[in-house]
Amino acid sequence: MVGVDYTHVTIVADDIEETAEFYQDVFDVEELPTPNWDVPVRWFRIGNGQLHLLDDDSAPAAVSH
């Protein structure tokens, strides 16, 4: 049997602050330090994985993973 694991999920958000507030309020996620990129990002710990929120005007398929 093959095990499946992941490190993070990235979600492109139209309003990164509103989306971050939702995950903090509903799931009580822990915010993590984030890199200084050209686009706003916020990272959160969820269990053993991470949730990465990204505010980017690119097509979602180009940056979501």
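User: Is R45 buried, partly exposed or exposed, and what is its relative accessible area?

Analyst: Buried means under 20% relative accessible area, exposed over 50%, and partly exposed in between (1.4 Å probe, protein chains only). R45 is partly exposed, because its relative accessible area is 36%. This is a predicted model, in which local features need pLDDT of at least 70 and side-chain atom pairs count only at pLDDT 80 or more, while totals for chains, interfaces and linings use all residues. Residues are numbered from 1 along each chain as its sequence is written, and side-chain values use heavy atoms, with hydrogens and water left out.

User: With which residue does R45 form a salt bridge?

Analyst: Side chains of opposite charge can pair when their charged atoms come close. A salt bridge is a side-chain nitrogen of Lys or Arg within 4 Å of a carboxyl oxygen of Asp or Glu. R45 forms one with E30, the closest N and O atoms being 3.3 Å apart. E30 is partly exposed at 44% relative accessibility.

User: How many salt bridges does the structure hold?

Analyst: The structure holds three salt bridges. One of them joins R42 to E17, with 2.5 Å between the closest N and O atoms. R42 also meets E31 in a salt bridge (2.8 Å, N to O).

User: Which of the words buried or partly exposed describes R42, and which describes E17?

Analyst: R42 counts as buried at 15% relative accessibility, whereas E17 counts as partly exposed at 48%. E31 is likewise partly exposed, with a relative accessible area of 35%.
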